[in-house]
Amino acid sequence: MDRGMGLSGDERRRRFSWKAPAVILGFELLESIAFSGVALNLVVYLAAVLHGTLAFNAAHVDTWNGTTFIVPVIGAFIADSYWGKYRTILFSLLFYLAGLVLLTVSAAVPSLRPPACNGGPCSPATGTQFSVFFLALYLTSIGTGGVKSALLPFGAEQYERHGHGHADDDTPPEKKKQSFFSWFFGAINLGIFIAGTLVSWVEQNVSWALGFGIATLCLLIATAAFLAGTPCYRVRLPTGDSPVKGILRVLVAAFRNWRRPLPPDGEGLYEVLDDDDDKNKDAEEKLAHTEGLRWLDRAAVKGGGGPWDLCTVSEVERVKVLARMVPIWVTCVLYAASLGQMTTTFIQQGMAMDTRLFGGRFRVPVASLVSVEVVFMLLWVLLHDVVVMPVARRWRAGGLTQLQRMGVGRLLVVVSLATAALVERRRLRGEKRAMSIAWQVPQFVVLAGSDVFSGIAQLEFFYGEAPGSMRSICSAFSFLALSLGFYVNSLVVTVVAAVTKRHDGSGGWLAPDLDTGHLDYYFWLWALISLANLALYLLLAGRYKSKHLSSSPTDTDTYTS
């Protein structure tokens with residue numbers, strides 16, 4: 001791969017090869033196994049090995065998950081502005097591998113973990129033991145966050161046309177991208193399934209160090225494969241101009257021009273034509289003027305001459321696109337907080353149930369239901385393709401839109417949380433710890449449907465609506481929503497634990513012994529929050545205006561093969 005700028009037109013328009021996306025999908029599968037091998041069992045490790053309390057474990061898992069999914073925003077900014085997606089992935093892998101190696105060492109060396117309880121009182125981990133463990137976790141956060149920021153848009157770029165009228169084959173690139181998004185989402189969830197069944201079983205029944213070692217080995221193999229695939233990649237070079245700077249230019253120009261009259265219907269606003277001298281710049285798609293957010297149009301009112309006084313209509317419209325996406329994104333935060341119950345309170349609920357199946361001959365790892373959700377997702381995909389979409393096409397040619405699918409996902413998460421509350425109510429009033437963990441299956445089934453409808457749609461939405469130079473950043477919006485969702489979850493856990501505990505500091509909804517608590521009330525609280533979020537989303541989605549391209553992307557984006 002030549003990273004230089006002086007490539008011939010033929011080299012820049014190398015025909016599409018399936019090898020690049022295949023390597024990227026394989027990389028994502030192995031990376032998902034590595035990450036999920038740590039994340040799915042994290043709350044169990046904190047409780048069983050480091051002897052943390054229920055509230056401590058839930059809060060720290062949510063905080064770590066929040067950090068993990070906020071790093072992609074920083075990585076995306078670096079990828080779009082300076083390093084490019086390829087280099088961002090490589091540098092992130094250094095942190096990722098360092099974190100996983102240290103995590104494996106912390107689980108393998110006896111002095112880095114507290115002694116086992118062995119029927120007696122459990123001693124919590126020391127400050128040093130917690131420090132080493134959390135250092136390893138947050139190195140892993142930086143690494144996986146950097147990879148997540150760039151890998152999805154990097155994969156999607158492999159399908160883009162390069163040049164006017166050029167096509168790699170007869171299949172439209174948009175159809176290829178939609179297929180890639182589905183396969184990418186499938187690779188993530190297949191990795192979760194493998195980690196939640198095989199790796200989780202090894203961790204809980206054989207050795208935590210061996211389980212973390214398997215995760216490390218998966219990432220090593222993924223890194224080697226990614227490097228080996230380098231000659232096949234199409235790499236879009238960053239322009240060196242910060243997307244944030246472009247947003248600020250529009251805001252500053254709009255403020256400076258606030259006294260200038262706006263022309264009616266957007267006529268007369270400044271735009272660069274294809275035959276202008278600026279054509280040698282790294283141009284993006286031209287965006288048609290849209291109504292709404294009219295105060296931003298003042299940035300394109302002719303009169304000023306400097307870059308901070310005058311912007312093009314397309315530059316203004318890119319800021320409008322981002323502004324319209326933000327309200328939708330806010331509902332993604334609360335949706336992510338609701339999904340966060342799957343990796344915290346759902347698992348803690350399972351730990352208070354009987355995990356034996358088939359007459360006691362098989363004991364189910366508590367975290368495995370999270371991975372078995374992937375099987376349920378496959379059934380939901382079948383239902384989606386065979387029943388839901390054909391019925392939807394009777395009313396609309398393309399079936400359900402991205403926003404409609406996201407709405408269905410938000411509805412199903414309400415149903416899942418209500419189901420979890422009913423299961424917990426039955427457990428507390430009857431069998432308690434003798435209640436089979438199989439009772440959790442319905443809440444995971446419904447949650448899988450929520451993932452199918454909303455997960456892929458959100459990836460498509462944030463990538464598809466994004467301006468070309470901001471695709472990493474906008475794709476990272478999904479991860480930022482997950483991040484803030486986990487922080488919201490952590491905040492709610494802390495507040496609920498503090499407000500509901502007794503005067504002597506014991507008990508409460510989230511009591512250390514769930515048999516004396518009311519986790520069902522906590523699930524009902526989240527069901528109400530999710531229902532309110534659904535109502536807000538329906539209001540915002542009904543008013544959302546998608547971006548409109550006035551022409552195809554130009555061939556001036558810089559690519560290298």
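These notebook entries record what I looked up in a predicted model.

**Basis.** I number residues from 1 along each chain as its sequence is written. I note that local features need pLDDT of at least 70, that side-chain atom pairs count only at pLDDT 80 or more, that totals for chains, interfaces and linings use all residues, and that side-chain values use heavy atoms, with hydrogens and water left out.

**Whole chain.** I find 16 helices and 4 strands; these are DSSP runs (helices H or I, at least four residues; strands E, at least two), numbered from the N terminus. Of the 561 residues, 54% are buried, that is, under 20% relative accessible area with a 1.4 Å probe and protein chains only. I take contact to mean heavy atoms within 4.5 Å. Among contacts between residues at least 6 apart in sequence, 85% join residues at least 24 apart.

**Thr 223.** I located Thr 223 in helix H8 (residues 208-228). Thr 223 counts as buried because its relative accessibility is 13%. Neighbours within four places in sequence aside, Thr 223 is in contact with Phe 27, Leu 93 and Leu 97. Leu 97 lies 126 residues from Thr 223 along the chain, yet their C-alpha atoms are separated by 9.3 Å.

**H9 and H10.** I examined helix H9 (residues 243-256) and helix H10 (residues 313-339), whose axes come within 9 Å and cross at roughly 105°; axes are lines fitted to C-alpha atoms over the stretch in contact, with angles from 0 to 180 degrees between N-to-C directions. H9 is therefore roughly perpendicular to H10, the class for 65 to 115 degrees. Ile 247, Arg 249 and Val 250 in H9 meet Glu 315, Val 316, Val 319 and Leu 322 in H10.

Technical notes. Buried means under 20% relative accessible area, exposed over 50%, partly exposed in between (1.4 Å probe, protein chains only). Angles under 35 degrees count as roughly parallel, over 145 as roughly antiparallel, 65 to 115 as roughly perpendicular and the rest as oblique.
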